[in-house]
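Please take a look at the chain below. This report walks through its cores and some of its helix contacts.

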Amino acid sequence: MSQITSFLGEHFFLSNFYHYKPFVHDSCLWRTSEHTFQAIKCSDYTNWLDACEEGYDSHEAMEANSIWKAATPQEARDLGQQCKMHDDWEQIKERVMFDILWSKFFPGSELSKRLAATGGAELIESNDFGD
């Protein structure tokens with residue numbers, strides 16, 4: 001089986017830092033899957049999402065909002081490293097990432113077609129973040 005071990009160059013679209021066009025997750029438009037993951041891990045995410053949907057201004061002061069507004073995926077990651085996380089984050093983070101990637105590579109989308117074009121390759125992200 002072939003492997004893709006770097007999400008750079010022609011495979012950058014696989015990276016959580018990849019920004020092609022915004023995608024929808026939890027009824028919100030997100031710049032990157034990194035933004036999404038980092039915001040969801042904040043303990044105020046559900047309250048932020050509810051406030052956004054209801055049009056309340058209170059969402060502006062929430063940690064999740066700062067991540068949503070981050071100019072780059074690196075900034076989103078840095079902010080996510082500082083937020084107060086859900087108590088059960090370690091237990092739910094893999095499922096959260098699965099759900100985010102499902103949204104990013106939604107069946108029939110251009111990104112899902114590019115993902116399918118990798119064939120049966122094993123995808124192994126290698127980075128310097130220790131995650």
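## Nonpolar cores

This is a predicted model. Its largest nonpolar core has 20 residues. Trp-30, Tyr-45 and Trp-48 touch the most other members. At least two core residues come from each of these elements: strand 3 (28-30), helix 1 (33-40), helix 2 (45-54), helix 3 (63-69) and helix 5 (89-104). Helix 5 gives the largest share, with four residues.

What does Tyr-45 contact, leaving aside neighbours within four places in sequence? Its partners are Asp-26, Trp-30, Ala-39, Ile-40, Ala-64 and His-86.

## Helix 1 against helix 5

Two packed helices are described by the angle between their axes and the distance between the axes. For helix 1 and helix 5, the angle is about 150° and the axes are 10 Å apart. Angles over 145 degrees count as roughly antiparallel, so helix 1 is roughly antiparallel to helix 5. The crossing is right-handed.

Helix 1 brings Ser-33, Thr-36, Phe-37 and Ile-40 to the contact. Helix 5 brings Trp-89, Lys-93, Val-96, Met-97, Ile-100, Leu-101 and Lys-104. By class, the contact of helix 1 with helix 5 has seven nonpolar, two polar and two charged residues.

## Helix 1 against helix 4

Helix 4 spans residues 73-80. The axes of helix 1 and helix 4 come within 8 Å and cross at roughly 15°. The cut-off for roughly parallel is under 35 degrees, so helix 1 and helix 4 are roughly parallel to each other. Their crossing is left-handed.

On the helix 1 side, Glu-34, His-35 and Gln-38 take part. They meet Pro-73, Ala-76, Arg-77 and Gly-80 of helix 4. The contact of helix 1 with helix 4 has two nonpolar, three polar and two charged residues.

## Asn-16 in its loop

Asn-16 sits in the loop between strand 1 (3-4) and strand 2 (23-25). Is Asn-16 buried or exposed? Its relative accessibility is 13%. Buried means under 20%, so Asn-16 counts as buried.

Which residues does Asn-16 touch, not counting those up to four places away in sequence? They are Thr-32, Ser-33, Glu-34, Met-97, Leu-101 and Lys-104. Ser-33, Met-97, Leu-101 and Lys-104 also take part in the contact of helix 1 with helix 5. Asn-16 and Leu-123 are 107 residues apart along the chain, and their C-alpha atoms are separated by 13 Å.

Methods: Residues are numbered from 1 along each chain as its sequence is written. This is a predicted model: local features need pLDDT of at least 70, side-chain atom pairs count only at pLDDT 80 or more; totals for chains, interfaces and linings use all residues. Side-chain values use heavy atoms; hydrogens and water are left out. A nonpolar core is a set of buried Ala, Val, Leu, Ile, Met, Phe, Trp, Tyr and Cys residues joined through side-chain atoms within 4.5 Å. Buried means under 20% relative accessible area, exposed over 50%, partly exposed in between (1.4 Å probe, protein chains only). Contact means heavy atoms within 4.5 Å. Axes are lines fitted to C-alpha atoms, for helices over the stretch in contact, and angles run from 0 to 180 degrees between N-to-C directions. Angles under 35 degrees count as roughly parallel, over 145 as roughly antiparallel, 65 to 115 as roughly perpendicular and the rest as oblique. A crossing is left-handed if the near helix is turned anticlockwise from the far one by less than a right angle, and right-handed if clockwise. Ala, Val, Leu, Ile, Met, Phe, Trp, Tyr, Cys and Pro count as nonpolar, Asp, Glu, Lys and Arg as charged, and the others, Gly among them, as polar.
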